[in-house]
Amino acid sequence: QFASAWWYPLLVGLLSCLNTFTVVLSGPLVVLYVAGVLANGAKLQRRLFAAVANALGTTVGAAALVYLIDLRGVDEVTKQFPSVFESKGWERSKALIDAHGFSGTVLVSAMPIVLHPAVIFAVTAGMARPTLLAAVLLGRTLKYTVMAQLAVGAPHLLRFFGYKGDPQKADEGGRASVGQEGLWQDEDWHRAERGLLKAAALRPAKRGNKPKTGASQSPRGRPDNDM
């Protein structure tokens, strides 16, 4: 029942902040976030609060990462997350930010991938720190708002954000399958782009709607998310 508590989104946001330096919490955080949304699914203000709280936690984590980069240098930080910077997501992030600057950083931040490549490339490209953090906050708020809307209106589309299985199980405290964020291939980017386009076309869920129940459907394919 604590998933419906007013402080629950703040707790998830704090864990999202800490996950900047652990990365391995990405999967469990998806389950925790969806559980909190479903516990208050009919309340639009609660969904928005959960999205903003999680985005703020992620942004604080990004600010801490920027501070660490300034303190120890880019090379030292990249050594701490080798798998992240060996992925194709690193190249995609660089291309988007290099081509579109602030808007590219917002777009990358809205994707279900880890933020380390975007943050490091933006720093090395000379983007102002406040501008970078504003882009992260805006992008992550968009991401978590879309996820909250999908959880109550079209839960099967949460697979584009790495959530596998029946979202209702998260609300009931059951097990749900999630993917690991960050190690994306080309097909993962295409799925995410299609997912964001579909989510943008969704109408707001009517007040009082409940997520669909039924048999769990786990889409095929490799795990692909984060938190």
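Mentor: Let us begin with helices H1 and H2, whose crossing is left-handed, a word used where the near helix is turned anticlockwise from the far one by less than a right angle, whereas clockwise would be right-handed. The model is a predicted one, in which local features need pLDDT of at least 70 and side-chain atom pairs count only at pLDDT 80 or more, while totals for chains, interfaces and linings use all residues. Residues are numbered from 1 along each chain as its sequence is written, and side-chain values use heavy atoms, with hydrogens and water left out.

Trainee: Why are H1 and H2 called roughly antiparallel to each other?

Mentor: H1 (residues 8–18) and H2 (residues 26–39) pack at an angle of about 165°, with their axes 10 Å apart. Angles under 35 degrees count as roughly parallel, over 145 as roughly antiparallel, 65 to 115 as roughly perpendicular and the rest as oblique, so H1 and H2 are roughly antiparallel. Tyr8, Val12, Leu15 and Ser16 of H1 meet Leu29, Leu32, Tyr33, Ala35 and Gly36 of H2, where contact means heavy atoms within 4.5 Å.

Trainee: What makes H2 and H8 oblique to each other?

Mentor: Their packing angle is about 60°, with the axes 9 Å apart, and H2 and H8 are therefore oblique to each other. Their crossing is right-handed, and among the residues that meet there are Tyr33 and Val34 in H2 and Tyr144 and Met147 in H8.

Trainee: How do you know that Arg129 and Asp70 meet in a salt bridge?

Mentor: The term asks for a side-chain nitrogen of Lys or Arg within 4 Å of a carboxyl oxygen of Asp or Glu, and the side chains of Arg129 and Asp70 come to 2.6 Å, N to O, so the pair qualifies under that definition. The pair links distant parts of the chain, with Arg129 in H8 (residues 129–153) and Asp70 in H3 (residues 44–72), 59 residues apart. The structure holds one salt bridge.

Trainee: Which residues is Thr141 in contact with, leaving aside its neighbours within four places in sequence?

Mentor: Thr141, which lies in H8, is in contact with Ala51, Val52 and Ala55 once those neighbours are set aside. Thr141 and Ala51 are 90 residues apart in sequence, yet 5.7 Å apart in space, C-alpha to C-alpha.

How values were computed: Helix = DSSP H or I, 4+ residues; strand = E, 2+ residues; numbered from the N terminus. Axes fitted to C-alpha atoms, helices over the stretch in contact; angles between N-to-C directions.
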